[in-house]
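Let us walk through this model step by step. Start with the helices, then turn to a sheet and an annotated span.

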Amino acid sequence: MSGGLRERLERLRAQAAAAKAADEAYIAQAKAETAAEEREGAAAQALARPGAAGLDAASSTGEAAAVAVAREAEKEKAQSELHPSFARLGVEQADNEFGSFLLRRLAYPLASRHGLYELRELLDYAPWLEPVASRQNKGADDLSGLPIEAGRLLFLDTETTGLGVGAGNVPFMIGIGYVEPAEGKLYVEQTLIRHPGEEKAMLHYLLGRMANRTHLVTYNGRSFDWPVLAGRYILNGWRRKGPEPGHLDFLHPSRALWRNTLESCRLSRIEQDRLGIAREEDVPGSLAPELYVKFLSDGDAAHLEGVYLHNERDVLTLVTLATHFGALLAGSGRLGLGEEAAGDGIPEAAEELFRTAAWLDAHGRTDRSERLFEALAARQDEAASRWWLKTALRYKKLGRFEAAVPLWLRAADRAEKAAFPSYEAHVELAMFYEHRAKNASEALRFAERALELALRRPVSAREQARIREEREGLRHRVERLRRKSRGSRT
Amino acid sequence: MNPWTGKAATVEEWLDLLRGHPEIMANVTHWHTQPAKPARTVPMPAGMNGKLAEALASKGIRELYTHQAASYRAVREGKNVVTVTPTASGKTLCYNLPVLEHLLADDSVRALYLFPTKALAQDQVAELQELANLMEADIKTHTYDGDTPPTVRQAIRNAGHIIVTNPDMLHSAILPHHTKWVKLFENVKYIVIDELHAYRGVFGSHVANVIRRLKRICRFYGSNPQFLCASATIRNPREHAERLLGEPVELVDDNGAPSGEKHLVFYNPPVVNQQLGIRKSSVLESQKLAGLLLKSGIQTIVFARSRVRVEILLTYLQDLVKRELGTKSIRGYRGGYLPKQRREIERGLRSGEIRGVVSTNALELGIDIGQLQACVLNGYPGSIASTWQQSGRAGRRHGSSVTFLVASSNPLDQYLIQNPDYFLGTPPEEARIHPDNLLILLDHVKCAAYELPFEEGDTFGGEKLSDLLEFLAEEKVLHRAGDRWYWMEQAFPAHNVSLRSAAQENFVIIDMTEGHKVIGEVDRFGAPTLIHEEAIYIHEGVQYQVEKLDYPEKKAYVRQVNVDYFTDASLAVELKVLHADRETTSGPIVRQYGEVSVTAKPTIFKKIRLRTHENIGSGPIHLPEEELHTSAYWFSFAEEAEAGMNANDMQMALLGLANVLIHLAPLHLMCDPFDIRVVPQVKSTHAKKPTIYFYDRYPGGIGLSQRLYEMHDELLEEAERLIVGCGCLSGCPACVGPIEEVGLLGKELSLGLLRRTRGTA
């Protein structure tokens, strides 16, 4: 390269850092504005359908065929030239009309176990995932009512060169998993591109695997893996025809259950704490981009061994996770680890117990959630008591006051003793006695008690307006009930 | 005049009254009257879509102004167009007309509108929506910016016909995610860029690169959009548009909009101290004039150069007229006000409910506030173009309007107020950009590579692209595979590139004497010498001591004090010439253009007793050194020009000359005064001769000093005229600088040197 330019660049770079520092405030703002770009994926609901995601190959097949013939001759040579690390991992070169890439293919007998479940259990539990699928694919008419079959799921996890879903983030490895029930096997396949020029061939291969499969099973794939891949198809000149693939993204259900009871909702954390999988010598996924860049610069495939193993485990864990949620919906999930939990299938942490039950409710499995709510209601410990009100609210919505009232009474009793008293239970009871039980004096008793607690409760500046309003409301209620009970006496 | 209310019925009547006030007229240095101009219109073009013509007719538009018709024609012929007409001449129709007509005929067409600010974008959407509703057409216009809620973004990307956004958003959100915008990029036929003149200097150089990226993405999706631009009056609209877009552009500047009679009054506050050349405060004089106007019921806009001045003027004026009008009828307007508040003020101005507004140049851009009757400029806005733009806020299509230009004591203001012919006879400034500034270019090559791999043979800007790509590959930012370069970093490059320079950022001065009160601001470059810790900062005649300077947060905490000294900081500036690219010798002067390295570090400050000026103490300043590599222009004097002056006299002569030139330069460059700096050296490290250097205050340079190099002769001529024309005795802030700085002979020495150099002695 020309010396002059180089010299100028070197000089300029020294001060670029200084100029950048000054721009940081502005940049921070710009980031805040565009961060929404990244977040919105989670908000987007309009995702749809399965199957042979209709793509329109842009390149002419004749030309491609000619290239393919020439490639065939080179193939053997290429295979023998692969780095020994690739050979050790069982990686081979794969070719199609768009070029070549590397492929690693592994077969697991369905009888093998990964964590709490044997792989074959997926066959039993997959159909139970239907409510999850219909929630995640709202508006996709061709997916609705479609049964979930283990053999028509494609488990997917990508490793990319960067973060975010921008056009410059390249998935260099795509890990997929699929079950062939007739063969009694789960196949895990991992594609790798030796340089970005091989991407098109790799993407074409993925299309073939997506054909005839209804849903992508992922962890955050709805807002990350799939949008990144969709962008890559466009960048490579393909236009999607027809609807989007269906999703079974287990990030959302995992958060619904474990958002506060686990240290994080990272897949590795869930594996270890809830699925009984221990990873040894795992290369964290966050290091993958760096390792790939190393591989690009020196061609040493040894850098990638850890990435291959990590990605393989991720795909397997997706299978276990799908099985687990299916089992939950089927009413036979193993809800915790260790003997005591596995025994009755009831989560130990009160919050997780409540969240699991509520999640089952939300997926139309009120029959399955009932036992969990009962267990929660039966527990007397401090942690459980915080969920009584919410549990009672659920009973109220179902019109089951016989179950709600005892919970309210207990919650009210506990509130009386608290330093920072809540009066929600009292209000509920006042409403119940007034409108349902038609017992004005009982209603008045609770309303008066609620008002007393409301007045006693210390108020933070933030809550001031709301609390004042609530106190006002309570005063009205008390007055009305006083009038009522006077009326009923006279 | 209504004898009962004291209100003037018309601006003419008010001006007649004003002419009868000798104490005001004494300060008027020039009164320029621009006669009224009738409208020039042509019938609606034949073949114009009937629905569109009907909608326009229902808004009272039955004919087109000549410039609207001309741009309509040019767009229909497939050309890129830049329309240059003054404020309120119906220029939005110039681009909306062809865009809407095409959309009515073909629902798949897309258009992208770019405005420099979010507020302008919102105005535009309202206007387009109104027209669409009138036509009962399903044309979806949406803003897409940082305020757009994530939940509706996807719908906008897929279904919006017209996307209205800003360059920053295009740069950091749309282009890097272009695969989400397939619909737009495959079908975009028009790219509308309004307020084209705003894209100049560093910001403009960045935007030119964003447009290069935009065009690259459009090509990828097989579209080749037309550019429809509008600009306020600048000297080189066509050249500027062509540089910004990198394509030929047709100029439309035949303004057919009518205008009423306009008065431009040059007003110089009276001198209160002859020896020091100190004039009465321009703030007080502006306030007086605006007060007179407002009390007479004339709707007035006051422009001030800083946010703080806006607030000061606002308080004065609200106080002055609160009994007649009530404080709500006079409002402030500046960056930092909430969007909702701004909309409310704009509405109030249009309806006439708000009678007066004090604004920074935030209202200079095309935000719709209707047309006011009078305008008071507190200080020269910095460029001829801005002055016309701001004064254009007053001026109705019928009836007279008046603009007062109230000069401050700053040399530039004084030059203009004393040379009205210069102002009136000079076309507005050029807008200059330098998109190939290596740092800016490199940043955008990175962003572009992220968006789409580069291929052998691609071009991007003026530098050899393959060199840049190779450089980035060596840096492991890109990865070369075959004849392509791929982005290979984890980072998202657009997040580390800001289009708007930090130079506009100010340090806020917070008075902690009683609670926390913001009393003023100092620009970033002044901060090291003005508000370092222990500095005495004087504001409105009151002394404050700086107790703490929070450099990263850009805040200075001060407390009121009463001491008998002021502080003077020394800034050690070292300037090294790296290499000279061009050289010209004319008479005793050698002038050169090239690259320099500048390091500046505040070193110590001195405490100097008031009146006696004795040094009564000093202290160190601990602030980081700033280093800058940039382009520069400099000229050295040969011995014959020195004419036996001793080193000390030469020092004063150079300093005085530098002071004059640095005030003139921004005038000709249409740049912010802080974009260009000057350094005089009695014996330059480079040529061992007396030398004056000018350098661009941006890494790598943005083409300003190159332009100065080209207009060197003109610049010196102006300098001589300014020094000769200044009424002061022996130097004042309005010419070579105060005597405290250049000595008693400063003016004479500078003028002598200048004349010997120019051969006019």
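Predicted model: local features only at pLDDT ≥ 70, side-chain atom pairs only at ≥ 80, totals over all residues.

The expected span of a helix is 1.5 Å times one less than its number of residues.

Take helix α11 of chain A, residues 305–330. Its 26 residues should span 38 Å at 1.5 Å a residue, and the end C-alpha atoms are 38 Å apart, so the two agree. Burial comes next. A residue counts as buried if 20 or more other C-beta atoms lie within 10 Å of its own. In α11(A), 22 of the 26 residues are buried, so the helix is largely enclosed by the rest of the structure. Just after α11(A) comes A:Gly331, with a positive phi of about 90°.

Now move to chain B. Helix α18 covers residues 438–451, which makes 14 residues. From first C-alpha to last, α18(B) reaches 20 Å, close to the 20 Å expected. Here 14 of the 14 residues are buried, so α18(B) is largely enclosed by the rest of the structure.

Chain B also holds an open sheet of three strands. The order is β19-β21-β20, with antiparallel pairing. The edge strands are β19 (454–455) and β20 (478–481), each pairing on one side only. Four bridges join β20(B) to β21(B), residues 484–487. Across this antiparallel pair, B:His479 stands opposite B:Tyr486.

Last, the annotated span. An unreviewed UniProt entry annotates residues 72–252 of chain B as "domain: Helicase ATP-binding". Residues 72–252 of chain B are 49% helix and 17% strand. The end C-alpha atoms of that span lie 10 Å apart.

Technical notes:
Residues numbered from 1 in each chain as written. Chains lettered and ligands numbered in written order. Pairing = 2+ DSSP bridges. Helix = DSSP H or I, 4+ residues; strand = E, 2+ residues; numbered from the N terminus. UniProt positions renumbered as here; feature names shortened; annotations may be inferred. Buried ≥ 20, exposed ≤ 12 C-beta atoms within 10 Å, placed from the backbone.
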